[in-house]
Every structure is written in C-alpha cells, then in structure tokens.
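Biologist: I would like to go through the labels on this model one by one. Please set each value against its rule.

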Amino acid sequence: MHALPLPLTKEIVLIGGGHTHALLLRSWGMNPLPGARLTVINPCATAPYTGMLPGFVAGHYPRDALEIDLVRLARFAGARIIFGHVTGIDRTERALSLKCRAPVAYDVASLDIGITSDMPELPGFLEHGIAAKPLGPFATRWTRHLEQGGGPVTVIGGGVAGTELAMAMRHVLGSDEIRVVEADVPLAGIARPSRAKLLAELSRQGIELIQNNRVSQVLPDAVVLDDGRELPAKLTVGAAGARPFPWLEKTGLDLKDGFVTVGATLQSTKDSAIFAVGDCAHLQHAPRPKAGVFAVRAAPVLTANLRAAASGMELSAFRPQSRYLKLVSLGRKSALADKWGLRVTGDWVWRWKDRIDGAFMDKLNTLPEMKAPDLPGMRAEGMALALGPKPLCTGCGSKIGSGVLDSVLAELPEHSRADVELGPGDDAAILGTGELRQVVTTDHLRAFWNDPWLFARISALHALGDVWAMGAEPQAALAQVTLPPMAEDLQRSWLFEIMHAASEVFQGAGAALAGGHSTIGAELVIGFTVTGLARGKATTLAGAQVGHALLLTRPIGSGTLLAGEMAGDANGDDVAAALRTMATSQGDAARLLAGCASAMTDVTGFGLAGHLGRMAEASGLTARITLEEIPIYDGADALCAAGTRSSIWPANRAAASIDLRESGRSDLLFDPQTAGGLLAALPPEDTNAVLRAVRDMGHDARIIGTFGSRSAVTVRVD
C-alpha cells in the first residue's frame, strides 16, 4: 500500500540569513527533522560574509566571493526561502508581519538579523551617507564611488570596523583624502599593544584620525563636525558601532540596549518560542562583544535546540569562549592577529586569515552530495528509464509533451454545440454568447518553489496568461489546491497564504476569485480555472499576416533556471530576479496588445519555438526570428551551456518544426516557461509605438522577428 509523505506538524522560521542560520541550513540538510517545515526569511537571495568585507573594499576579492547563496542552502535543507523584511512579531498569534504579503505563521522562530550601522538621527546621513552594514547597499555604493573616480572619504566610527575600512580604501584610492572620525577614544575595545600598532599603521598610511569629535551633519560633498569644521567628502560611511534594528523595540521581547536578551539555551528570556543569535542577541548569561566567531560557535547549539523545541525534547546550553582570535586587515595583503594580549602582523597573517575565510565560505557554498534512495531491488521493467537521469522538473518543466497531448486531442470526437466556437488547440476555449465571447482556461502546476505565497502568485499569473493571450478581460477564477499532508493548523496557514496571494493577483486583474476545491495529496499543486470576456472577436493563434512583427514581452530561460535551482547549480540572485519577473503581472501589456495584435499566445510549457510554431501553423505562415534579439534571463545561458535541461525539453525539441544553427543559446528556444511572456503579432505600422509603450510599462519587451510566407518549416532562426 502506497503511503503519503510524513505529515508536517511544526513551522520553524529563521528570521535573517546570518552566519548562524546559514550554518544551520547546511546541518539541517544533512539531518532534517521529520514533520518540521523550515523557512528562512531574508531580504536578498544571498547573505554577505562580513569577515571578507575589507578584502572586497581593498580589491582582493570580487563581490560574489563574499556572498553566501541562501537559495542553494535552502534547497539543500529542504527549506522555503522568502525574500522580504520582517517588520513585526505577533507573539500571541505566533505570526510574523512582512511587507507586501500575508503574515507567516511560526511555532518556533529564530532571529539572526545582524546589526546596522545606519544613523537616521544624523542630519543628512540618510540622504548622502551610507552605512557599512548591511553590506549589500554599501558594496553597491562603494563600487559606484570607484567608477566615478574616487575622491575624499570620511568614515564615521574609529573602532576596528572603521579602521579596517579606512585602510582598505587607502589601498585602492591611493592619495585621496581618507579620514576617520571617532566621538570618543579610537579602538577602545582592543588590547593595548594591538591598539598601538593599528594607530601607528593609520598614521603610516596617511589616514587622518579625528578623535573626541563628532559629525554633526552630512552634506552631499562634505561633513560638518561639532567644532564647526567642514571637511570634503565624496563618500561618507557609517561604521560607528553596533546598532540594533529599530523594529525589535515593538516585539515586547526583553531587550538590552535594543538587542534581544537570551539565556543559555539561546531562547528569549521573555518568550521561549523565540530564539536569537549573532549580533542581534545579548547573551545574558555570558555577555560578549559583537563578533562573528560567537555566531559560528552558536550554530550547532541553535540547530540542536530548534530541533528539541519542535519535538518536545530538552535543550542544551551555549557556552561561548571567553577569549578569541581577532584578525584585522591592514588594507594591503597584510593583517594583524590579536589574542591573549599578544599581537603579530605580517603578510603571512593575511594569508592565514584568507585560508580561514575561504574555508568558511567553501563550507557553505560547496555542499555535500546527498545520495538518492536506491530503487527497489525487484521492480517492473522500464522503471529506471521512466524515471530518467534526474528528478522530474516542476512548474511547466513537468508538463506532458506536445506530441503525446496533440495525438490524444486529435482522437476526441468533435463537439456539436454551436456556442462552443473554439475547442482544444488554442490557449483557451471560446464560448459565444451574443456579442460577447467568454474564454475559459485551466492550468495547474507542481510546486517549483517552496513558498506557497509566491508560488500561488506566480501560478495565478500563469493561468491568467491564456485569458490575456485571447485579448479578453479576466472575469472569474476557481482555485484547485492540493496540499501535502500536514496538521490542521498548518493547513489553515498554508491556505491562508495561497488564497491571499491569489486573491491579490485576480483582484489586480479585475477578476473575482470565486471559490475552488482543495484536497490533500503527495505534494503541493496549485491550479486555477479562469474565465474572461472579449467583446467581438477574440484574439487567437490564427490571424498573423506576412510582414507582421513578433513582440515578446519577457525573457525566456525560466525552465532552465528552475531546473538548475533544483540541482543546486543556479545562482541564487539569478533565481530571485527571475521569480520577481514571473511574479509581475502582464495585465497592462495584455490590454494594450489586445487592441492591436493580429494573433497572440503566451509562451509556457512548449517553449518559445513550440508556441511560435503553433501560431505560424495556425496562420499559414513561417516565422523568422533573430536569436540575438531574444531576451534571456540572467544565468540561463550559462546553465544551458553546461547542459542543464528541463524534463520536457527533449519532447519540445522533437516536436518543433524549425530550421536553426545549433548552439547552446538556441537550445533555450525549447525551454519550458512558467508565467512566460506574451507573444504577439503586430502590423508594421504599430510595431515601434507598441514596443515603446510596453517597455515604458516596465516589461523587457523585444521585437524578435517577423512573419513571412509559408515554407517547409514553421520557424526559421537567424
């Protein structure tokens, strides 16, 4: 008897992608807790390793060398990742508030959000300055400063972080003025011999140190000090100590100077369901300075305690070391080591630090291969062939090939109803009712993303594509949701996220989410049946004419990216960027195209070549497209060249009637798309104006070719 997967019963949410949480994700992937769903919430797809920040500023590392790929880690851990900012915690309802989406439920939550160097109270800083933390915005601003030719820099804060940054900047900027402004005593938290060495190094490098003074205002090209001096500054960087994120004050948790107070088990002293680690936490039982070494040491304890909290077991105590090694970069490839009051400097110290940092990053970005379970020893013939060389893709990559589908549809008896004007073969059925035409379509997707809210949003937009492609205005939708096995309270929270996301999409499109059907199955599947209304004639695949241009509203390559993400090969930033596009409505472009397109479709499971071929076939023409004009999602080209393919790719390639020069890029023509672009045939006189209008709406639209007279193939590629 076939059994469903074990039911989910607990939600564990990691708020922030700090070092401790990153290490936890790696450990979780090697030994997940049955019945627990793990979620990580972070603003970006990557998290920076701040230990290598001075090396990046000095030019020793590229920016991507600092980035921990949270998308890859989440996939390895079987966790969902949500790109967003937590803005509040409802501890009564155990729900997290996020910007622009439904609340996220938790049973146990952990905070690892780090600190900020922002200075909102300093006049002019928000407009003209940049905080050294978070790293992402700072790295972008630093790169722009270099591209604009550099110039004088003021670093606010004379601790280790500020002095490291100043020396790194000196290494790159040469003779540009660099100064450090410290309100009190510089480098006060470091041992006396090391402090003396670092102060001497600042002086040797010609970095001006202004102490016992404050910046009172930041101007576009200068800073004003408390003593009235105005100093030139093309770049002003805030590095003045560790500042907690302000929203923590509204959580009702016990705080120490704004940081979450935790006990030996890393649980909040106010709420045992909340844990906190890293720089955002204050260890009540063993206060320590803000240093990454403690975050790394806390990872195995936090992992064990979250598992224990979710399974009703006893928790362990975290005992941080009292002394730890400090490694301070000196700008050039040299560093200072400090421990037990001793200090040594030299190039070899930098190489030592480089090896430590490299090993940490390799541990997180080079993940162990987990062996797939073996097939049963005795099994029916053909099972290995049917499974294929890799797991079945999700999204549109898991569709049935057009050859199988068309052969089955061709055997259906013709309908006899006069009001059914168009049946199988186009994007949607067309029902005639007087002057109105109602289009009806349905679409279902296996979950390609572990976040039900985002997956539901993309699935809803994907289903709307067929209605928009017919030139119709969306009218109503019915949802069909299959949830994996889970406890009843989780069923409610998952459905809440799914239906809120779908409702937002359909309301934005002018349609009503009128109900639907739900069930429990082996995995998450979301589908929608959508109706739309068209006055007069609906836009179909047929209707294009010789000389009509082909407009595509968004890039291709999503199937390759999703297949690469499943395999742990895709870059997290590339995946996140594609998901943002897929989750963006094309309703505005569809309304414009409905009034001028002679034929239209949406590019989904059969790939650009397949859907374009169907349009050309229906119109009795051949499409001629230029490969270099087709927009491609970032990262898809490289994955395709490396051999990444969706499950349906071979069937799409075999079904295409196409003439092309074979290349890695051309293989993307057969890549299945989820929530893909609209493909419209436009009369020549409308082409330029329509292209400009669609691009002005924010879509990456391109003219990719034209229609010509029918030849031996339906698609030719130049």
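Modeller: A salt bridge here is a side-chain nitrogen of Lys or Arg within 4 Å of a carboxyl oxygen of Asp or Glu. The model is predicted, so local features need pLDDT of at least 70 and side-chain atom pairs count only at pLDDT 80 or more, while totals for chains, interfaces and linings use all residues. Residues are numbered from 1 along each chain as its sequence is written, and side-chain values use heavy atoms, with hydrogens and water left out.

Biologist: What makes R457 and E504 a salt bridge?

Modeller: Their N to O distance is 3.0 Å. The limit is 4 Å, so the pair qualifies.

Biologist: Which parts of the chain does the pair R457 and E504 tie together?

Modeller: R457 lies in helix α12 (residues 452-469) and E504 in helix α13 (residues 488-508). The two parts are 47 residues apart in sequence. Helices are DSSP runs of H or I with at least four residues, strands are runs of E with at least two, and numbering starts at the N terminus.

Biologist: Why is R457 called buried?

Modeller: Buried means under 20% relative accessible area, exposed means over 50%, and partly exposed lies in between (1.4 Å probe, protein chains only). R457 has 17%, so it is buried. E504 has 43%, so E504 is partly exposed.

Biologist: What makes K234 and D221 a salt bridge?

Modeller: Their N to O distance is 3.7 Å. That is within 4 Å, so the pair counts. K234 sits in the loop between β16 (230-232) and β17, and D221 in the loop between β14 (215-219) and β15 (222-225). They are 13 residues apart.

Biologist: Are K234 and D221 buried, exposed or partly exposed?

Modeller: K234 has a relative accessible area of 47% and D221 has 45%. Both values fall between the cut-offs, so both residues are partly exposed.

Biologist: How do you know that E177 and R179 form a salt bridge?

Modeller: Their closest N and O atoms are 2.5 Å apart. E177, at 41%, is partly exposed, whereas R179, at 4%, is buried.

Biologist: How many salt bridges does the rule give?

Modeller: The count is 27.

Biologist: Why are β10 and β13 called edge strands?

Modeller: Strands pair if DSSP finds at least two bridges between them. The open sheet runs β10-β17-β11-β12-β13, with parallel pairing. β10 (130-131) and β13 (208-211) each pair on one side only.

Biologist: What makes β12 and β13 a pair?

Modeller: Four bridges join them. The rule asks for at least two, so they pair.
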